[in-house]
Amino acid sequence: MPKKKQFDLHTFVAGAALKTGKPFSLACNCGGVVIIMPPFQDEYVVCPKCESRIRMLVIEGDPGYIIGAEPDGSPSLLPVQGSASPHPGTLTVSERNAILAKVRAQLATKGK
Ligand SMILES: [Zn+2]
């Protein structure tokens, strides 16, 4: 029997948001919103709209985004939810491009 998938989605959450003790909203891919009430004990939340189990990966501090990678290996900005810092959706195209250019330059240096 195939093992049931443990989580449907993963999302990144700012550790700072969990420490404030204030509720914050977590957006699901379907457009549904889950309200998180810290302190948060569970590893995942369930979307009230599509019932996806969303695993929360806590990122230390309060970054607006972390650097991820597209399937083709090019860097991308992944939003960190609950953060008070600007997240990728609020950055202008040129701001995003500037960040990604910096990341590419760092990757190029590492490769040498
Ligand atoms: Zn959903």
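## Close-up views of a predicted model

**View 1. Glu-51 sits in a loop.** Glu-51 is placed in the loop between β4 (44-46) and β5. Strands are DSSP runs of E with at least two residues, helices are runs of H or I with at least four, and both are numbered from the N terminus. The model is predicted: local features need pLDDT of at least 70, side-chain atom pairs count only at pLDDT 80 or more, and totals for chains, interfaces and linings use all residues. Residues are numbered from 1 along each chain as its sequence is written. Glu-51 is not a glycine, yet its phi is positive, about 65°. Most residues other than glycine have a negative phi. Is Glu-51 buried or exposed? Glu-51 counts as exposed because it has 11 C-beta neighbours inside 10 Å. The cut-offs are these: a residue is buried with 20 or more other C-beta atoms within 10 Å of its own, exposed with 12 or fewer, and partly exposed in between, with C-beta atoms placed from the backbone.

**View 2. His-87 lies in the loop between β7 (75-81) and α2 (93-111).** His-87 counts as partly exposed, because 19 C-beta neighbours lie inside 10 Å. Gly-64 is 23 residues away along the chain, but the C-alpha atoms of His-87 and Gly-64 are separated by 4.3 Å. Leaving aside neighbours within four places in sequence, His-87 is in contact with Gly-64, Tyr-65, Pro-79 and Val-80. Contact means that the C-beta atoms of two residues, placed from the backbone, lie within 7 Å.

**View 3. The largest nonpolar core has 11 residues.** Its members are Val-13, Ala-14, Ala-17, Cys-28, Val-45, Cys-47, Ile-54, Met-56, Ile-59, Tyr-65 and Val-80. The most come from β5, with 3 residues. A nonpolar core is a set of buried Ala, Val, Leu, Ile, Met, Phe, Trp, Tyr and Cys residues joined through C-beta atoms within 7 Å. In soluble globular proteins, nonpolar side chains tend to be buried together.

**View 4. Cys-28 and its contacts.** Cys-28 belongs to the largest nonpolar core. Which residues does Cys-28 contact, leaving aside its neighbours within four places in sequence? They are Leu-9, Val-34, Cys-47, Lys-49, Cys-50, Ser-52 and Ile-54.

**View 5. The whole chain for orientation.** The chain has 2 helices and 7 strands. Along the sequence they follow the pattern β-α-β-β-β-β-β-β-α. The C-alpha trace spans about 45 × 40 × 25 Å along its principal axes. Of the 112 residues in the chain, 13% are buried.
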